[in-house]
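Here is a brief report on a two-chain model. Keep the sequence and the 3D view open as you read.

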Amino acid sequence: MKNGDILCLGRTDNQVKIRGFRIEIGEIESSLNNLKDVVNSVVIAKEIKQDDIRLIAYVKSDNEIEFSQELNSVHVSEVPSLIVQSWKNDLNRRLPEYMMPSYFVYVKDFPLTATGKTDRRKISEIDFKQIDRQIETQVSIVRPQNRESENLNNFQKQLKEIWEETLEVSELSIHDNFFECGGHSLTAISIMKKIENHLGEKIPLASLFSHPTIFSLADFINGDGSSKWKYLVPIKTTGTKPPVYLIHGAGLEVLVFNDIAMYLDEEQPIYGIQAMGLQQDELPENTVEAIAAKYLKEVIKQNPDGPYSLVGFSAGSILAYEMARQLEMSGKNVSMLGNIDYPVESSKFKLATKEKLARLIKESIPRQVHAFTMMIKHPKQALEFQRRFLKLRVNGILSRVGIEQEYPIEEGLEHIYPLMDRYESALNAYEIKPYNGKLDLFKAKIILNYVKDKKTLGWRNYALKGVNIINVEGDHDNLIIPPNSKSFAKKLQSVIDKNITQYNTHYESNTNKNTQSTM
Amino acid sequence: MNLTLTKTHKVQCSWMSDVRLVDIQACKFKEELAVFCLQVSDFEQNLTHLKKLLNESEVLKSDNFVMEKDRKRFIVTRGVLKIILGKFLNKNPEDIEFYFEQHLKPRVKTQHSNLHFNVTHSADRIIIAISSKPIGVDIEHVDEEFGFDQILDVTFSDNELDYIQNSNNKSEAFYLLWTRKEAFLKATGKGIDDDLQQIPALTGIHELVSEISDSETPWFVGSFGIGNSYIASLSFSPELLKGPINLYSTGPEILMV
C-alpha cells in the first residue's frame, strides 16, 4: 500500500465461456455499475449444477438493505424481484441475453484480499444457494421442475399460445428458447406478426432475437411501456391473481399508488391508469364516457377476458365507476368496483383545482418538483424514485406538518394544468347513471364536513347492488400514503380477494351447480 | 430508410440453371465455393458418432432442444459442419471451434480468416455452404399449409406482392423471394430485422443503398430447387460465379471420405 500502486493488472478470470459464448465479465460489471443504484459489482460464473454454468451478480448498492445473512463472512441479501426486473430492463439495452446474470445478490461490503483488492475468490466461494428465499424462487423460475407449476401472467399466457400454435409444440415453458423449440426466421416473423395483431402495435422483429424466451420477450414488451401503453402503467406484472387496476385521481398520475403497491400481496399484479396527455401529447376527451372508453381499450387489450377489479382514487372513482358501467353493459365481468373516499355530490368535482395540486405537490415534494415531472413522463423509474422520495417524506415532511413553506412550482408542471382543466370540466359535465353492481367504498375515518350522506357518500342511490363500506385510517389527503398506506393496502387486498372469491363462486355455481357449496 | 445516401451497390437476383449434383468423392475441400446438401434422416444411425464431435456446450445446447427432431437436426448439422470445416482446415472435427461476429453471425476460429460458412435447414434438409468470401444460404420446404398470407405485408414490397399474387403457384413464389432475402441477409451478416421489405428479391439487378450492407461490394443471389418440394437461395460475391455451382449431396459417407 505504501507506493499506492494497487492497480489491478488484469485477471485471468474475467473471460469465461458459457454455452459456447465468450463472456466478458468486465463488461457485465461495468454495465451493472452504470445502474443508478449500484455502487460496485462483481460477477461470478458458477456451475450451479453439472454443466449448468450461471452468471451471478453480487452487487453493492446504495439502496437501504437489511442484511440478515452472513455467508463465507460476507453479508448478503436477496435482491427483490421488482428491482431485478428494473435492472434487467436497463441491462437489456447494454448486454446481449447470454451475458445477462441469472441471479442478483446484494452484498454489504466486498471482501478484500491482503493487498486491498476485491477478493473474487472469496465471493465465488459463497454458497449462493443458501441465500434466502428469493434466490430459491429465482432458481425455480429459471429451471422449473414442473412446467405445469409455472405461474403465468395474462400476457405470458397469450404469448405462450401464439408460440405453441406457430411452433406446433405443446406445453412450452416460458423459459424455453425460441431457437431450441425449432424456431427459425420464418416462424419468427409469423410470431411477431401475430403478436402485432394481438397488441395492435408493431414490435421490432429483432426483439425476438434478443429476447428469445416467452419470459424475456413479455418482459421486454411490457417493460417498454412507453411505447406500448398510453394510460396503463404496469406497476407490478407478476403474480397469479387477476390484476387490479388503480385509476388516477386529481393529480392525474399514478405515482400515488406506489406506497400501497408495496404492501399488496406478492401474487397481486397491479396496473395503474394514468391520465390522457401524460404519456403522449394529446388532449383528453371531453366526456367521462369517452375517457373511460379510452382507458378500457387498453385494459381489455392487456386482459381480454377479465374479471376486472377497478379501484378509483378520489376523483378517479368517477372514472372507475364509468369504466365499470361500460364493462358491465358490454357483458364483461367486473369483480370489483372500488372507490377511495369520493362522494357522488357534484360539488366535489371541484377538487381538482390547480391550487389543490400545487399545494399537494408543495407539501410532499419540496425540492424535487422537477424530478417529479420527469417521473410522470418515465413511470418506469417511478418505483426507485418513490422509494427515495418516501424516505425524504418520512424524514422531512411529516416532521414539518403545520409549517407553511413556499416553494416555487417549476415550469415543468405547467403542461399538466390544461389537462386538469379538461378533466375537471369532463367530471363536472358527467351525469351519473345507475350501475348494476356493487360498490366498495373505502371511507376515510376523518370525514370532510360537507358530505350530506355521511354513510355512503351518496352512492347508495347509484350502485344498484349495494355499497360496502370499508373504514380506513386517516383523512382524504393521507389515506393511501404513510403512515396509512400499509393498513390501507391490507384492507384493499382483502376486499379484492373477497370479491374474486365471490366472483369465482358465482362463476362456478353457474357452470357447475354441484360445487362450491361451502363457500 | 435514409434515401439521401448515394453509395449504392448492385444485387443481382436470378435462378441458377447451372447447379449440378456432384458426388462427395469429387470434392477437394479446397473450393472457393462448395455447397453441401444432406438429409437429417440419412444420419439416423450416426447420431452417437456425430454427437461425439460436439464440445460440452454444444452437447448442452443439443440437450436443450424441446423436440427430438430439432435435437437430431442440430447434432447432424453441427457434426457434419465440423467434419467439413475440418477437411478445409486440415483439423480434427472435434477441434473446430466457433465464435460470433457482429449480429451473432457464427464464424470458425482459425488463422485463415477467409474461410466463411453458412448453414440452413428446413424440414429434413440441411445445406452447408463454404466459401472463401462471405456467403449466405437459405432453404425452405415449400409448405402449402404455412399461412404466409399473414406475413406478406411485413416481408415484401408492393412489387414483390404483385409478383406473388400473380404467380401460378403462390407458395413457390413466396418461398423463392423469401429465401433470397434470407440468404442475402445471412451473407451480409446483418440478420433478419425490420428492413425486410427493402431487401431485393425479384429476378433482376437491383441498386441498393449501402446502408443495408456496410460495404459497396456487389452481390449475387441465386436460387435453385432441391427435390420436388424445396427451394434454396445462395448469396455470394459474383466473383465466385465462374462456372456451374457444385452441389455435393452426401449421406453418412461424409464420415468416411
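## A strand with two neighbours

Strand S8 (residues 232–236) of chain A pairs with S10(A) in the antiparallel sense, over 4 bridges. The model is a predicted one. S10(A) also has a parallel partner: 4 bridges join it to strand S9 (residues 244–247) of chain A.

Val233(A) stands opposite Gly272(A). Gly272(A) is also the bridge partner of Leu246(A).

In chain A, take the contacts between residues at least 6 apart in sequence: 71% of them join residues at least 24 apart. In chain B, residues 24 or more positions apart account for 69% of the contacts with a separation of 6 or more.

## A helix pair in chain A

Two packed helices are described by the angle between their axes and the distance between the axes. Helix H5 (residues 154–167) and helix H6 (residues 185–199) of chain A have axes that come within 10 Å and cross at roughly 145°. The crossing of H5(A) with H6(A) is right-handed.

Which residues meet there? H5(A) brings Gln158(A), Leu159(A), Ile162(A), Trp163(A), Thr166(A) and Leu167(A). H6(A) brings Thr187(A), Ser190(A), Ile191(A), Lys194(A), Ile195(A) and His198(A). By class, the contact of H5(A) with H6(A) has 6 nonpolar, 5 polar and 1 charged residues.

## Glu473(A) in its loop

Glu473(A) sits in the loop between strand S14 (467–472) and helix H17 (485–511) of chain A. Is Glu473(A) buried or partly exposed? Glu473(A) counts as partly exposed because 16 C-beta neighbours lie inside 10 Å, where a buried residue would need 20 or more.

Setting aside residues up to four places away in sequence, Glu473(A) touches Lys445(A), Leu479(A), Asn484(A) and Ser487(A). Ala444(A) is 29 residues from Glu473(A) in sequence, yet their C-alpha atoms are 5.9 Å apart.

## The sheet of chain B

Chain B holds an open sheet of 5 strands, in the order S2-S12-S3-S7-S6, with mixed pairing. Its edge strands are strand S2 (19–23) and strand S6 (116–122) of chain B, each of which pairs on one side only. From one strand to the next, the twist averages 25°.

S2(B) runs parallel to strand S12 (residues 245–249) of chain B, and the two pair over 5 bridges. Within this pairing, Leu21(B) has Leu247(B) as its bridge partner in S12(B). Helix H3 (residues 68–89) of chain B packs on the sheet. H3 touches strand S3 (33–39), S6 and strand S7 (125–131) of chain B, and its direction makes about 25° with that of S7(B).

## Nonpolar cores

In soluble globular proteins, nonpolar side chains tend to be buried together. Here the largest nonpolar core has 83 residues. Those with the most contacts inside it are Val35(B), Phe36(B), Ile84(B), Ile127(B), Ile128(B) and Ala129(B).

Ile127(B) touches Val35(B), Phe36(B), Cys37(B), Thr120(B), Val137(B), Ile139(B) and Ala232(B), leaving out residues up to four places away in sequence. Another core, of 70 residues, lies apart from the largest one; Val256(A), Ile270(A), Ala320(A) and Ile480(A) are among its members.

## Where the chains meet

How many residues of each chain are in contact with the other chain? The counts are 23 residues of chain B and 21 residues of chain A. On the chain B side, helix H2 (56–64), strand S4 (98–100), helix H4 (152–155) and helix H6 (170–188) each supply at least two residues. H2(B) gives the largest share, 6 residues. By class, the chain B side has 10 nonpolar, 5 polar and 8 charged residues.

Technical notes. Residues numbered from 1 in each chain as written. Chains lettered and ligands numbered in written order. Predicted model: local features only at pLDDT ≥ 70, side-chain atom pairs only at ≥ 80, totals over all residues. Buried ≥ 20, exposed ≤ 12 C-beta atoms within 10 Å, placed from the backbone. Contact = placed C-beta atoms within 7 Å. Nonpolar A, V, L, I, M, F, W, Y, C, P; charged D, E, K, R; others polar. Pairing = 2+ DSSP bridges. Axes fitted to C-alpha atoms, helices over the stretch in contact; angles between N-to-C directions. Left-handed = near helix turned anticlockwise from the far one by under 90°. Core = buried A, V, L, I, M, F, W, Y, C linked by C-beta atoms within 7 Å.
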